[in-house]
Amino acid sequence: MLLLVTTGHPDMLRYAHPNLGRLVQPRETSSVHRTAASGIPWAADNDCFQGLNPRAYERMLKRISGLAGCIFVTVPDVVADAQATHALWQEWSPIVRDYKLPLALVLQDGITTTDVPWSELDAVFVGGSTQWKLGYEAARIVREANARGKWTHMGRVNTNRRIQYAKSIGIKSIDGTKWARFKRLSLRDGLDAVSSRTQMNLMWQDASHA
């Protein structure tokens, strides 16, 4: 499992680890070309949790288009609202595709496996409310995505228990604000957790306590 951290390229070198990657955002793309050229895994988020800035988002797309190694780019979404997220997918996915970047759909409350536009995407990003993202339907979609060879990512993963839960349902990468905000204190522990072979048994009914 990869731990993707929203921080600058120097930190990628300072904390270098086989399971460490970078998550750029419209507000943070400094030296992304150096990250890509170095072979460090990286992906791009849309920053919609803070509110979509369309101009900043498209500037990011222009900046990262053509760079090597991008795992996914999240298409704009609306937190905890699958229907509104679908409308944004219809609007923005062709734009992201035009930049020849791998598309990730952010899963939000209300989406089901049959709603996912599987043929249009390269990855699924588990978002949504805490209750939904740790529930049955999210885990079911992740299993289907893995079976189809799609990348799977979970956002807002800030504890060891949450990391182990993500592993148990087959998530391939995670991110969380803790690892960037408190990197001196916590990042090494997070990297140890994602690289560990141990994981909890899948018990999605109890996952809200993660």
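Student: What kind of unit do strand E1, helix H1 (residues 9-14) and strand E2 make?
Tutor: Helices (H or I, at least four residues) and strands (E, at least two) are DSSP runs, numbered from the N terminus. A crossover is right-handed if, with the strands pointing away from the viewer, the path from the first strand over the helix to the second runs clockwise. E1, H1 and E2 make a right-handed β-α-β unit.

Student: What kind of model is this, and what pLDDT do side-chain atom pairs need?
Tutor: Residues are numbered from 1 along each chain as its sequence is written, and side-chain values use heavy atoms, with hydrogens and water left out. The model is predicted: totals for chains, interfaces and linings use all residues, local features need pLDDT of at least 70, and side-chain atom pairs count only at pLDDT 80 or more.

Student: Which residue of E2 is the bridge partner of Val5?
Tutor: Two strands pair if DSSP finds at least two bridges between them. E1 (residues 2-5) is joined to E2 (residues 20-24) by 3 bridges, and the two run parallel. E1 also runs parallel to strand E8 (residues 173-174), with 2 bridges, and there Leu3 stands opposite Ile174. In E2, the partner of Val5 is Arg22.

Student: Are the residues on the two sides of E1 buried or exposed?
Tutor: Buried means under 20% relative accessible area, exposed over 50%, and partly exposed in between (1.4 Å probe, protein chains only). Leu2 and Leu4 lie on one side of E1, Leu3 and Val5 on the other, and both faces are covered. These four residues are all buried.

Student: Which backbone oxygen does the side chain of Thr85 reach?
Tutor: Thr85 is in helix H4 (residues 82-98) and is buried at 3% relative accessible area. A polar contact is a pair of N or O atoms within 3.5 Å; within protein, one must be able to donate a hydrogen and the other to accept it, and residues adjacent in sequence count only if both atoms are side-chain atoms. A polar atom of the Thr85 side chain lies 3.0 Å from the backbone nitrogen of Val78. At 2.8 Å, the Thr85 side chain reaches the backbone oxygen of Asp81.

Student: What is the phi of Asp47?
Tutor: Most residues other than glycine have a negative phi. Asp47 sits in the loop between strand E3 (42-44) and H3 and is buried at 8% relative accessible area. Phi of Asp47 is positive, near 65°.
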